[in-house]
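Hi,

Here is the structure I said I would pass on.

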Amino acid sequence: MKVELVTSLKRQATKILADLHDSKEPVLITEHGKPSAYLVDVDDYEFMQNRLAILEGIARGERAIADDKIISHDEAKDKMSKWLK
């Protein structure tokens, strides 16, 4: 992973963004020698957000199962049919 100082980002934003788009490699931005932010390509960021949403949905489903908050397939079809009319 590439690491850049925040001052470099201020001075060379166009070049750093061009390199990011070419390499698709995230850039760690540091401030006072400490990690401050990640700079990532838009497509990669959207992909990560979609993956996170899927994983959160799976976690909610697993919690529902653990809490015994489940319904049968037929009950689910009945509930959905009201929305799909």
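**Salt bridges and overall build**

The count comes to four salt bridges, taking one as a side-chain nitrogen of Lys or Arg within 4 Å of a carboxyl oxygen of Asp or Glu. Before the details, a word on the source: this is a predicted model, so local features need pLDDT of at least 70 and side-chain atom pairs count only at pLDDT 80 or more, while totals for chains, interfaces and linings use all residues. Residues are numbered from 1 along each chain as its sequence is written, and side-chain values use heavy atoms, with hydrogens and water left out.

Start with Asp 19, whose side chain meets that of Lys 2 in a salt bridge (3.2 Å, N to O). Asp 19 lies in helix H1 (residues 6–23) and Lys 2 in strand S1 (residues 2–5), so the pair ties together parts that are 17 residues apart in sequence. Helices (H or I, at least four residues) and strands (E, at least two) are DSSP runs, numbered from the N terminus. Asp 19 is partly exposed at 24% relative accessible area, and Lys 2 is also partly exposed, at 27%. The cut-offs here are under 20% for buried and over 50% for exposed, with partly exposed in between (1.4 Å probe, protein chains only).

Asp 19 has a salt bridge with Lys 15 too, with the closest N and O atoms 2.8 Å apart. These two sit four residues apart in helix H1, about one helical turn. A network of salt bridges links Lys 2, Glu 4, Lys 15 and Asp 19.

Elsewhere, Lys 24 pairs with Asp 41, and their closest N and O atoms are 3.2 Å apart. That one links distant parts of the chain: Lys 24 is in the loop between H1 and strand S2 (27–31), and Asp 41 is in the loop between strand S3 (34–39) and helix H2 (42–66). Lys 24 is partly exposed at 40% relative accessibility, whereas Asp 41 is buried at 4%.

As for the whole chain, there are three helices and three strands, running β-α-β-β-α-α from the N terminus. The C-alpha trace spans about 60 × 30 × 15 Å along its principal axes. Buried residues make up 11% of the 85.

Cheers
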